[in-house]
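Hi,

As promised, I am handing over the structure we talked about. Please have a look at it, and then read on for what turned up.

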Amino acid sequence: MSVKIEVIAGGVPHDKIMIAGLVSTLVCIYLTYLNAFTNTQMFSFFGGLAVVAALIWGSHTIKVLCSYGIGTGVPSAGMIAFGSGTIAMLLATKYGMLAPIVALVLAAVIGLILGYVSNNILNMKIPAMIQALTEMAVVGALTVMGFAAMITGGFTFTGLTTSTATFLGFPITSYANSFLGGGLIAVAFLLGAIAIQHPFNACLGPGWKQDRMLMLTAECGFLSMIVAAVMSFAFISAGAALISLIVAIIGWLYTYGQFFAMSKRDAAAWLDSKPIPDTEGH
Amino acid sequence: MSAVAAKPQAGGAMNPTAMAVGVVLLIIILGACYYVSPNLGLTALIGVIVGGVLIGFGTHFVPVGGAPAAMGQAPGIATGVAMLAAGAGLAGLFGGAWAAPLGTTVATITGGIGGGLMMAITCMMVNFVYVYGMGIPAASGKVLHDPITGDSQAEFKSQGTEGHGLPFVSFVGGVIGGILAGAGGTLIYLALLDLYKATFPTLMSATHAQVLPVAVSVAGMFAVAMFLVNAVLTAYNITGTIEGPHDPKFKRWPRAIVASAVASALCGFVAILIVAI
């Protein structure tokens, strides 16, 4: 038995958000590939924009799934999204230029099977479960890949496991000073996992508004991007990292201002909410 | 039906067809792994599956109360399964990873002790907060007498609640759960670390010492990711809250075993493919 609680209908339909999120994430991740063509690192910040786009899509997916009252809390959805997504992303990085596409397909397969497992073997019987877990695995994979592209300037396995430092004029290859070897992937994992689950967790309830939640997601995404931009100083040139940082700060200030305005807009109006619904809406 | 009592009731029944599909899927993944990497890969995958099943089974013991527990209206620790299992399991994983050079047995036991210790401290402090902070006694809502101490529960249970606080049996359950989950997480880490240590030098054409940070990091990341996947699947199995091993929901564990085995096999297979192809 699961009851769907749609407190407020309307807004942009989920399919539209999904397609827009998927396309813009992939395009942004591929735009970081301009680094390789132009032999600079100036385009790394597109990785951060990919993260924001993916998170907006993902948080709406969480909204779709969690309005069925799964009973485990919203954060668990973010955790399984990134748990399954990171696994797919790590394998996909081996495919060079094709990595984002491979990550997409692989994460979708993993998410599909996990969705089947939870819906049928664990008897959750929630209509949106399989599709939601599939989407969230893809979001998780593309978000971590976006962070990787932003911090290191690329998304290939070699690029993520090595870095070149100059010692006494000789270039030396370091494995410990890399996105994977240095454990930065764990930070990227949690930056994304918290940013994806927080918006719906914070905005759910009878006063839920789609635009406010998605604006909060963008705000969380840019906030994560600021941290990632600071970390990227260790891997890419200072100029490129500075561009990322400036883009992130401008994006964060704008989205935070917008979110604040929307919160004031929604708080000024009062909603004739019904008595507490029979099922919890988290 | 009050809003608090109205947790979604996912069916407690087994779904035999889906279970059969799950077992077939597991065999297919094992076969595929045997095909791509018969020795090292298969050993690692079996370690991963055993670890995943331990996590899935262990999480059933942990008294998860969720939001109702925070309001003193249900027994258990006042947070979700994902957070608790992550706390206990990762504490165990760190302990186990530290002991990894001492061999699989020592490391696994260390991981289990780390997880159990973390849960013991958590349960202890939770009860301090409940008793001295919120002023509520520990009482189970699911059983009349504590199965271990035999203490009567019903007199201490407030009307309109499902029990509150953390009864002794839940405390013991939490520690057992922490031990199993910590050992499971460590097993996954060790299985993958052994595989990566053996294969990364050829894959990346570097020396053993050079690739060690990458092997540790990738194995650790996979262990964390699989840990979270298994913990959340178990959370779905118990639909959010459970009191401990005496809770009727505990009887659902066979479903979680199959689900964890399939999920771990799938994730483990992908982790092995990194070095196998």
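Two residues are in contact here if their C-beta atoms, placed from the backbone, lie within 7 Å. In chain A, 73% of the contacts with a separation of 6 or more come from residues 24 or more positions apart. For chain B, 75% of the contacts between residues at least 6 apart in sequence join residues at least 24 apart.

A word on the source: this is a predicted model, in which local features need pLDDT of at least 70, side-chain atom pairs count only at pLDDT 80 or more, and totals for chains, interfaces and linings use all residues. Residues are numbered from 1 along each chain as its sequence is written, while chains are lettered from A and ligands numbered from 1 in the order in which they are written.

Chain A has 10 helices and 2 strands (DSSP runs numbered from the N terminus: helices are H or I with at least four residues, strands E with at least two). Chain B has 8 helices and 2 strands, in the order α-α-α-α-α-β-β-α-α-α.

Now to where the chains meet. On chain A, 44 residues are in contact with 50 residues of chain B. Helix 4 (74–92), helix 5 (99–121) and helix 8 (184–203) of chain A each give two or more residues to this side, and helix 4 of chain A brings the largest share, 11 residues.

Finally, the C-alpha atoms of chain B fill a box of roughly 65 × 40 × 30 Å along the principal axes.

Happy browsing!
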